[in-house]
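Me: Could you take a close look at one part of this model for me, the sheet that draws on both chains? I'd like to follow how the pieces line up.

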Amino acid sequence: MTTLIIAEHDNTVLKAATLNTIAAATRIGGDIHVLVAGGNCVAVAQAAAAVAGVSKVLHADATHYEAHLAENLAALVQSRVRADAGYTHVLAPATAFGKNVLPRVAALLDASQVSDVIAIESPDTFQRPFYAGNALARVQSKDAIKVLSIRTTAFDPAGAGGTAVVETLAAAGDLGLTTLVGREVVKLERPELTAASVIVSGGRGLGAADKFHAVLEPLADKLGAAIGASRAAVDAGYAPNDYQVGQTGKIVAPQLYVAVGISGAIQHLAGMKDSKVIVAINKDAEAPIFQVADYGLVADLFSAVPELIAAL
Amino acid sequence: MKILVAVKRVLDYNVKARVKSDGSGVDLANQKLSMNPFDEIACEEAVRLREAGVASEVIVVSCGPTVCQETLRSAMAIGADRAVLIETDAGLEPLAVAKLMQHVATKEGVQFAIFGKQAIDDDAGQTGQMFGALMGWAQASFASKVQISGDTATITREIDGGLETLAMKLPAVITTDLRLNEPRFITLPNIMKAKKKPMEVIKAAELGIDIAPRTVTLHVSEPPTRKAGIKVADTAELVKRLKEEAKVI
């Protein structure tokens, strides 16, 4: 039994989501191979080899893997899996990267995919949420090669201490279907939402984009927190798209989640209800957010947040 | 250029899913079902491309029971030209749907396909990418902007932490993100017009395509619910409890 993990990285650093995926793979048992495909990404391959539980790193380096586009990457995974009969599982994190690539891999392998796995019961039985987290399914896969995307927040990251071998994997040809024109990645001075241990999140109660930033940023600074937003706040233009926490945005599970002026729509709760401690500040005592909050403060956020900052 | 749009009939997004007491699944009896919201966005985008003169025809396709014809009529009320229903009462996994869509796309000589990024019932988020793999086409998932000129589609897509822009050679498939567009309001005259548009029904069983499920759902349950905690009197009490009780700050 061998699991192949498609590593998420930026050619320099192995993304934390890969560590959660490796942790999930250790629950399956058997050997763990990590595929690091990219451009000039030898440092990432070495980093992957030092992760506990990894038995082998496959390093494929070519210009046409540099942008990690789905078509070439999926073809590489397919050829690797087809070349070695030992593979029983193919895993990737359920991040924007993994969600893009993995279904393409599954179809090339004529396998069904189990998305957003939150628990591994046995090598063929998994748990996953569906209906925006309103239902949980236990599913058994009958495919010879099981393809799983891993909900990263459900697995603590694998630690250091691995001494895996790094093997060079010959690049497959360039399919030439897609080229990257450009990327606009916002440089954050704060922690990344999906990796933050504290998140301060704002909703429509903030009332305007300038207030959203003026109220939340000092609190986030004080707590060393990432800033998130509800869909209502994003749709109203208070915060950029990638701030959105919820079923169709980011799924987060920090140690502390502070919901400010968020009513608590189902779609938002689905994205944050696995947080360890939830604090809600809202002037409406009947807001659904209080039904999931460990600590609720019924107050006007414009006075409560500055008070909170002063008291911290 | 013909565009294929895949649509799915799902539990309406305003209805809370309730798990059946026998753990066999989610109760859909007597519930409102409607078009998956991401598929509505897909439909709108395709119709805009036709209105802009980029596409010649928009074909909407759904896989499922007879009643999916209603969903296809809604898609034609948005402006799709005609519909194809691959009829089956069997439960379909994304891979099976991708294979059925491949059949239609090949038969119709489609050059561009638009799928929703995920269906809000099974939340799988797979079908569009799987279709891309089966067709050997370029793919761009989570698209928030689409421009087509000549044989190149330039797509802006949402990635973690920002956006990326891809240039794809047609034929290609995209999946829609929420912010790609806002679907138009469906008017009564367009609903009437949609009733007269062509609807082809193909029996899935007659196609000889392997659509048997590969996974078995053993049990479906309600997720563990979070208990409501306490209301604190003021920020001082909140800070005290976070420090001493929860120990998170």
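Reply: In this predicted model, four strands make up an open sheet, and their order is E6(A)-E7(A)-E8(A)-E12(B), with antiparallel pairing. Look at the two ends of that row: strand E6 (119-122) of chain A and strand E12 (215-221) of chain B are the edge strands, and each has a single partner strand, so one side of each has no neighbour in the sheet. Ignoring direction, neighbouring strands here are turned by 30° against each other on average.

Strand E7 (residues 125-130) of chain A and strand E8 (residues 135-141) of chain A run antiparallel and are joined by six bridges.

Strand E11 (residues 178-185) of chain A runs antiparallel to strand E9 (residues 162-169) of chain B, with seven bridges joining them. A handy pair to look for there is Glu184(A), whose bridge partner in E9(B) is Leu163(B).

Step back to the whole contact between the chains, and you'll find 68 residues from chain A and 62 residues from chain B taking part. On the side of chain A that touches chain B, the classes come out as 37 nonpolar, 17 polar and 14 charged residues.

Notes: Residues are numbered from 1 along each chain as its sequence is written. Chains are lettered from A and ligands numbered from 1 in the order in which they are written. This is a predicted model: local features need pLDDT of at least 70, side-chain atom pairs count only at pLDDT 80 or more; totals for chains, interfaces and linings use all residues. Two residues are in contact if their C-beta atoms, placed from the backbone, lie within 7 Å. Ala, Val, Leu, Ile, Met, Phe, Trp, Tyr, Cys and Pro count as nonpolar, Asp, Glu, Lys and Arg as charged, and the others, Gly among them, as polar. Two strands pair if DSSP finds at least two bridges between them. Axes are lines fitted to C-alpha atoms, for helices over the stretch in contact, and angles run from 0 to 180 degrees between N-to-C directions.
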